[in-house]
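Visitor: I'd like to go through this one with you, a piece at a time. Can you take my questions as they come?

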Amino acid sequence: MNANPIIDGLKKNSWRNSLRTRQLSILSLFLCVSVLLSVVLYFNATKVAKQSIYDKMNSQADFYVDSIDQQLQNIKNMMYDVFSSRNLAFLVYPESTLTDYERRDAILTEQERLSSLKNSSLLVASATLYLPNANLKISDNLAEAMTDEDFLFLKEHFDSTDQIMNFEDNKLFMLSKGAPDQLSFQKTDVFFYVELNREKLNETLASFNTLDNSGSFLYQSSEDILIHSANGKDYAADILPIIRKGQADYGYQAESIKLNNEKFLTVIRKSDIFGAFVQYNREKEVLRSLAIYKWLVLFYIVIMSFLALIFSVYTERNIHKPLIKLLRAFSKVQDEDLRSGSRLKLNKGNEFNYLYDGFNQMTQEIKNLVEEVYIHKNLTQKAELKQLQSQINPHFLYNSFFSLSRKIKRGDTSGAEAFAAHLGVFFRFLTKNDSDNVILHKEIEHARSYTSIQHTRFSDRIQIDFEELPEQFADLLVPRLILQPIIENAFEHGLENKEADGYLRVSFVHAHPFLEIHVEDNGSEVDWVKLEKIISHLDSEDFEEVTALINIHKRLKIHFGISSGLVLQRGHLGGLEVIIRMLIQTSRSEV
């Protein structure tokens, strides 16, 4: 191999300017600085750790309080929306003129609203409407007559309706009568009962308890409601008296409180619904990981001193030698040698693995791009050949002009004019070869013209359903002739021998991030054995017979990426379904 001037210069470099000398100098400086910093860090680590926990607790508390208040306020708003229902106004009076059908429909409507409320938040366990005058109780899945227990429950809690929260029999609920001016139970038409899911509330609180013996709780002083969760020992009952006595404020910063000779990092936030949210962590647990820090500093100094002795040899073998190897590989690429011999072998534990892997990927990508350019040119030539064959196909020309002649002879001038227009669009598209790509609107227009021409021939036995292209995809750039050959394939192999009730459907589906064009027929002439062979060879590089489907599939993958292409399967209509799948986010032409 010829000498490389870069490698020769690297070998002749002086000791003073060598990489090894510079690394030793940097390492010595690093040791001195690291010892000094270790001492400083030891005295500041505790402060930093506490402040980090404070910041985390503050942000968690703000987010949680805002989130749960917003969810509960949304629930209350949806409760008030239910009272405005017109159907509810008819249901509350037993003497209303509703028919049985109208009454049942009104009840179902209210059940749907209750179900929507229940599904709107994981905090809702159940929702129920009580209509005392109509003796009716409606839940999301049941409508039945009210029981004596229901009337008694409403009478006992009438005075507590429309307050923020109620707690009884280990149940947390909200009860509303809709209008505040209804001052007596007898004059109240509707009660709305929503029970909250305490298990879900506990689950949300448990997500804050990441350290041992940490915890969090919600407390509402007006109703003496306490919902708490802890990881280990529960200190909620001990911290609660401090909150009741006002010794802790609803501040915006976390603080340290002393409890039974132990310090707790605590954050308290005011909640419009629950009153207070409290999160606490034992300071001892927060700082536990720093207890052995002073021993780690000493161990760190010893280890770094030992590493300084062996680092020189290590870097010589693991940096300089791999660098020479990488430079030689670049030299091969510079000489346009992209054979497998230019790939670098990866070795375990080598810091150059990432560089080697990147180099291998780069050379493989260069090789793939070269092959793609060759394949694309080859496929384009075959597509042009197929297009030229379509232009001069005497059978297609004869059938087209014969159909046009019949329309003229029958005096169907409007039909003949439309048919001639379709022929013009079809042949103008085929003869315009200024680019390999075309906007999707023009491709669809060409395919639609071909479909209309064929439909004129087979209108007595084939029905065609060709959907409109969604406007947002009209200007999408696609390879030429990706749809018309597939439709032609459907006519020739699926529907040509269909004597009656033939059906062809072309539809568009936006399956984000893909745009799919579905071509499906109900033909029974599909050679499924041959089709399976084509499917198995769609992505093969060695399949010698390049059919129209394989040609289109490969051009789509080159243009839109490897996740695009054709999908062939048995359709719902019984015949073949071909799906043109295009990744519309980033195509090769847009990069």
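Visitor: Where does Leu481 sit?
Guide: In this predicted model, Leu481 is placed in the loop that runs between strand 14, residues 477–479, and helix 14, residues 484–495.

Visitor: And what is its phi like?
Guide: The phi of Leu481 is positive, about 55 degrees, although the residue is not a glycine.

Visitor: Is that residue buried or exposed?
Guide: Leu481 has a relative accessible area of 7% and is therefore buried, since the cut-off for that word is under 20%.

Visitor: What about Asp501, where is that and what is its phi?
Guide: Asp501 lies in the loop between helix 14 and strand 15, and it too is a non-glycine residue with a positive phi, in this case about 60 degrees.

Visitor: Buried or exposed, that one?
Guide: Asp501 is exposed, because its relative accessible area is 68% and the word applies over 50%.

Visitor: Let's switch to helices. How do helix 13 and helix 14 pack?
Guide: Helix 13, which covers residues 440–458, packs with helix 14 at an angle of about 20 degrees, and the two axes are 9 Å apart; the pair is therefore roughly parallel, and the crossing is right-handed.

Visitor: Which residues make that contact?
Guide: From helix 13 the contact involves Glu443, His446, Ala447, Tyr450, Thr451, Gln454 and Phe458, while helix 14 contributes Gln484, Ile487, Glu488 and Phe491.

Visitor: Moving along, which peptide bond is cis?
Guide: The bond joining His512 and Pro513 is a cis peptide bond, with omega at about 5 degrees, and Pro513 is located in the loop between strand 15, residues 502–511, and strand 16.

Visitor: Now Asn522, where is it, and is it buried or exposed?
Guide: Asn522 is in the loop between strand 16, residues 514–521, and helix 15, residues 528–536, and with a relative accessible area of 17% it is buried.

Visitor: What is Asn522 in contact with, beyond its neighbours in sequence?
Guide: Setting aside neighbours within four places in sequence, Asn522 is in contact with Leu495, Lys498, Asp501, Gly502, Tyr503, Leu573 and Gly575. A polar atom of the Asn522 side chain lies 2.9 Å from the backbone nitrogen of Tyr503.

Conventions: Residues are numbered from 1 along each chain as its sequence is written. This is a predicted model: local features need pLDDT of at least 70, side-chain atom pairs count only at pLDDT 80 or more; totals for chains, interfaces and linings use all residues. Side-chain values use heavy atoms; hydrogens and water are left out. Helices (H or I, at least four residues) and strands (E, at least two) are DSSP runs, numbered from the N terminus. Buried means under 20% relative accessible area, exposed over 50%, partly exposed in between (1.4 Å probe, protein chains only). Contact means heavy atoms within 4.5 Å. A polar contact is a pair of N or O atoms within 3.5 Å; within protein, one must be able to donate a hydrogen and the other to accept it, and residues adjacent in sequence count only if both atoms are side-chain atoms. Axes are lines fitted to C-alpha atoms, for helices over the stretch in contact, and angles run from 0 to 180 degrees between N-to-C directions. Angles under 35 degrees count as roughly parallel, over 145 as roughly antiparallel, 65 to 115 as roughly perpendicular and the rest as oblique. A crossing is left-handed if the near helix is turned anticlockwise from the far one by less than a right angle, and right-handed if clockwise.
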